[in-house]
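Please keep the sequence and the structure in view while reading.

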Amino acid sequence: MNAKILEIENLTVSFDGFKALNNLNFSLETGELRVIIGPNGAGKTTFLDIITGKTKPTEGQVRFKGRNLRNYSEHEIARMGVGRKFQTPRVYLNLTPRENLELACNRYKTVFASLLKRTPSAEKRTVSGLLETIGLSHKADMKANLLSHGEKQWLEIGMLVAQSPDLLLVDEPVAGLTDEETELTGELLTSLAESHSIIVIEHDMEFVRQIARGQVTVLHQGSVLCEGTFDQVQSDPRVIEVYLGQEIHHDQPVSLEDAPQLLEIVEGADPETPGTLQGDFAEA
Ligand SMILES: Nc1ncnc2c1ncn2[C@@H]1O[C@H](COP(=O)(O)OP(=O)(O)OP(=O)(O)O)[C@@H](O)[C@H]1O
Ligand SMILES: [Mg+2]
């Protein structure tokens, strides 16, 4: 078995000459949970678009489980085991969580046929297991439009997991969530990481601190700026510079010693007040 589930070499993506990704190299071990951070426009979403096949590389290659993805369609790549969670939950609001998950378990059948058919008991167990995993057993049979934003996010994560992907791509899962929902989302992703390889893109640094066990990758201008543990990257002067360089008008260059305080400033900033440091980390 290939130890690396994902290997990306010299990847460049140009949009009319503008390089959204620029000679990027990246790899992910099987079973790893990797968090990717980076300022707005760094190329994070484009990076996920490349892995799912939505966008094709201008140069370079992406290998998933050892297979070069260049010649596969988005649909084929999904069937190979790449699952993507978009930022806005995509669930059927007029169905219940249980029905949504049943549909996800039957993704090759039509919506109508799945609803009419009685659910086989093996699948029922899967659905109830999924409901438990995402913490929605007690709301399994109410319409999904009554769920909170966070609960809808968890439902969509459950629907993704129902399709048994090997690699889960999760784009900004906690934007707009309450603190409690954010923490529960972290626990959910951490538990899913026991049986999946996961890439999480996130702006919320407190959340990154919660879930990042191993490596964190920082993207900047379409390339990997640095990789390391959360503590290493948060105190890396280059990271501080790209996140905070324009906002903090130091007379002196930002030093390593400033790093923890600077992060505290960001985390403590008022998201409601325009022009505060929070801007760089808040949802675009
Ligand atoms: N289809 C496209 N055509 C032209 N430019 C694009 C296209 N998609 C993305 N870009 C540009 O590529 C750069 C990277 O965009 P991307 O959405 O990947 O950044 P991001 O890191 O996800 O940013 P954010 O944190 O704001 O979500 C941006 O400058 C963006 O304007
Ligand atoms: Mg994005």
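Helix α1 is followed by Gly-53, which has a positive phi near 85 degrees. Helices (H or I, at least four residues) and strands (E, at least two) are DSSP runs, numbered from the N terminus. This is a predicted model, in which local features need pLDDT of at least 70 and side-chain atom pairs count only at pLDDT 80 or more, while totals for chains, interfaces and linings use all residues. Residues are numbered from 1 along each chain as its sequence is written, and chains are lettered from A and ligands numbered from 1 in the order in which they are written.

Seven of the nine residues of α1 are buried, and the helix is thus mostly covered. A residue is called buried if 20 or more other C-beta atoms, placed from the backbone, lie within 10 Å of its own. Among the buried residues of α1 are Lys-44, Thr-46 and Phe-47.

Twelve residues surround ligand 1; a residue is near a molecule if its C-beta atom, placed from the backbone, lies within 6 Å of it. The closest are Phe-15, Ala-20, Lys-44, Thr-45 and Thr-46. Both β2 (18-29) and α1 (44-52) supply at least two residues of this shell, and α1 gives the most, with three residues. By type, the shell holds five nonpolar residues, six polar and one charged. Here Ala, Val, Leu, Ile, Met, Phe, Trp, Tyr, Cys and Pro count as nonpolar, Asp, Glu, Lys and Arg as charged, and the others, Gly among them, as polar.

## Strands and their partners

An open sheet is formed by four strands in the order β2-β1-β4-β5, with antiparallel pairing. The strands at the edges, β2 and β5 (67-68), each have a single partner strand, so one side of each is left without a neighbour in the sheet. Two strands pair if DSSP finds at least two bridges between them. The table sets out two antiparallel pairs.

| Strands | Bridges | Residues standing opposite |
|---|---|---|
| β1 (residues 4-15) and β4 (residues 59-64) | five bridges | Thr-12 and Glu-59 |

## Helix α3

Helix α3 (residues 97-105) has eight of its nine residues buried, so it is largely enclosed by the rest of the structure. The buried residues include Pro-97, Leu-101 and Cys-105.

Conventions: A residue is buried if 20 or more other C-beta atoms lie within 10 Å of its own, exposed if 12 or fewer, and partly exposed in between; C-beta atoms are placed from the backbone.
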